[in-house]
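I opened a new notebook page for this chain.

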Amino acid sequence: MKTIRWGIIGCGDVTEVKSGPGFAKARNSALVAVMRRNAALAADYARRHGVPRWCDDAQEILRAPDIDAVYVATTPETHKDYVLRCAAAGKPVLVEKPMALTAGECDAMIAACKAAGVPLRVAYYRRALPRFLAIRDLVAGGAVGDVRMVVCRQFQPLRTASEAAPASPPWRTDANRSGGGFFVDIMSHTLDFLDFLFGPIGEVRALAGNVAGAYEAEDVVTASWRFDSGIHGSGAFCYAADRDEEWNEIVGTRGRLRFSTTRPVPIVLERGSDRESIDIGDPPHVHQPLIQSFVDELNGVGTCPSTGESAARTTRVIDRILGGYRNARGAAS
């Protein structure tokens with residue numbers, strides 16, 4: 001197999017531990033260049049991570065003959081532009097989540113890559129993490145019987161974006177840059193994983209609002225949905241609550257599975273009075289299994305489980321959940 005040589009556009013916070021080292025540590029993979037608009041920060045990243053070269057112009061990554069594939073790790077409002085540029089350069093691309101600001105942007109990215117014959121994959125890395133694959137296998141193996149419903153919850157005390165991620169610029173609650181607030185940033189992972197488990201979500205009904213007034217994006221969301229498979233789902237999400245709490249519960253005819261999207265805590269399987277705790281830790285670089293799947297796919301072995309099409313479905317669900325709030329906010333501005 002050949003070594004897939006990667007360039008990163010946007011070597012910010014997410015690339016420090018979660019993703020960046022995975023490109024160097026995956027089999028048949030190498031990280032050869034990184035780009036950041038701040039040249040000093042790009043140089044510092046390259047020095048600390050042993051990357052051969054750095055630049056402050058994405059075009060240097062896109063036109064480099066020794067770069068086979070590109071990881072776009074910039075903020076969401078730039079994803080569409082960079083992916084279209086990767087397609088024009090003929091380079092396979094792995095783009096961060098959420099895939100783009102809207103489903104319409106996702107569709108444009110998919111179309112451009114398809115026309116150029118360029119693979120487009122999205123960094124919903126839980127589709128390849130051992131802990132989440134164990135959940136998939138338990139469900140598929142009938143551990144809870146026939147699945148009837150999934151219930152999701154996330155509550156957090158009020159935090160500004162800079163308080164929530166001190167090492168990263170405060171873009172997560174700027175809807176013009178991120179597409180929404182912490183709901184979009186965090187719970188897109190949950191919605192995408194549920195798509196991985198149960199297939200596409202069809203019908204959606206939801207309410208969203210801003211109750212604390214600390215920023216313009218939504219800070220409270222309630223939603224219900226139905227998968228095309230007939231399974232029902234519901235969720236309550238509040239980012240101005242009393243404490244941190246996050247869990248998901250899959251309810252079946254024989255039992256229940258409870259797990260966390262955001263924390264590597266044990267999976268809990270309950271069947272009647274029996275309760276089993278299944279502890280599967282995450283690897284040091286949580287993106288690495290997904291990176292490996294894409295590297296293998298580029299070498300003609302297997303497929304990456306997070307595609308542009310699957311990620312676009314998640315963005316489309318988010319658009320439907322937040323549509324009323326976005327429209328009301330737009331009408332008021």
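This is a predicted model: local features need pLDDT of at least 70, side-chain atom pairs count only at pLDDT 80 or more; totals for chains, interfaces and linings use all residues.

**Entry 1**

I traced an open sheet of 6 strands, and its order reads 3-2-1-4-5-6 with parallel pairing. Which strands stand at the edges? I found strand 3 (53–55) and strand 6 (120–122) there. Each has a single partner strand, so one side of each is left without a neighbour in the sheet. From one strand to the next, the twist averages 25°.

I then went through the pairs. Strand 1 (residues 4–9) and strand 2 (residues 29–35) run parallel and are joined by 6 bridges. Strand 1 also pairs with strand 4 in the parallel sense, over 4 bridges. Strand 4 goes on to pair with strand 5, again in the parallel sense, over 3 bridges.

I looked up Gly7 on both sides. Its bridge partner in strand 2 is Ala33. In strand 4, Gly7 stands opposite Val70. Val70 in turn stands opposite Val93 in strand 5.

I checked the side chains of strand 4 (residues 69–72) next. Ala69 and Tyr71 point one way, while Val70 and Val72 point the other way. All four are buried. In a regular strand the side chains alternate between the two faces of the sheet.

I also placed a helix here. Helix 2 (residues 39–49) lies across strand 2 and strand 3, and runs at about 165° to strand 3.

At one end I followed strand 13 (residues 267–271) into strand 14. The two run antiparallel and are joined by 5 bridges. Leu269 has Glu276 as its bridge partner in strand 14.

I looked for helices on this sheet.

I picked Met149 in strand 7. Is Met149 buried or partly exposed? I have it as partly exposed, because its relative accessible area is 36%. Leaving aside neighbours within four places in sequence, Met149 is in contact with Ile231, His232, Glu249, Ile250 and Val251. Gly230 is 81 residues away from Met149 along the chain, yet their C-alpha atoms are separated by 9.1 Å.

**Entry 1: the largest pocket**

I recorded a volume of about 1,200 Å³ for the largest pocket. Its lining counts 50 residues. Asp13, Val14, Trp171, Arg172 and Asp185 lie nearest its centre. Which elements supply at least two residues of the lining? I listed helix 4 (79–89), strand 7, helix 9 and strand 11. Helix 9 gives the most, with 4 residues.

**Entry 2: Ser188**

I stayed with helix 9 (residues 182–198) and took Ser188 from it. Ser188 is buried, because its relative accessible area is 0% and the cut-off is under 20%. The Ser188 side chain reaches the backbone oxygen of Val184 at 2.8 Å. Beyond neighbours within four places in sequence, Ser188 is in contact with Lys97, Tyr124, Phe183, Thr314 and Ile318.

A cis peptide bond joins Lys97 and Pro98, with omega at about -15°. Pro98 lies in the loop between strand 5 (93–95) and helix 5 (103–116).

I also flagged Asn28. It has a positive phi of about 55° although it is not a glycine. Asn28 sits in the loop between helix 1 (20–25) and strand 2. Asn28 is partly exposed, with a relative accessible area of 27%.

Notes:
Residues are numbered from 1 along each chain as its sequence is written. Side-chain values use heavy atoms; hydrogens and water are left out. Buried means under 20% relative accessible area, exposed over 50%, partly exposed in between (1.4 Å probe, protein chains only). A polar contact is a pair of N or O atoms within 3.5 Å; within protein, one must be able to donate a hydrogen and the other to accept it, and residues adjacent in sequence count only if both atoms are side-chain atoms. Contact means heavy atoms within 4.5 Å. Two strands pair if DSSP finds at least two bridges between them. Axes are lines fitted to C-alpha atoms, for helices over the stretch in contact, and angles run from 0 to 180 degrees between N-to-C directions. On a 1 Å grid over the protein atoms alone, a cavity is a set of points where a 1.4 Å probe fits but cannot get out, and a pocket is an open set with protein on both sides within 12 Å along at least five of seven lines; lining residues have an atom within 4 Å of a point. Grid points are joined across faces, edges and corners, and a volume is the space filled by probe spheres set on the points.
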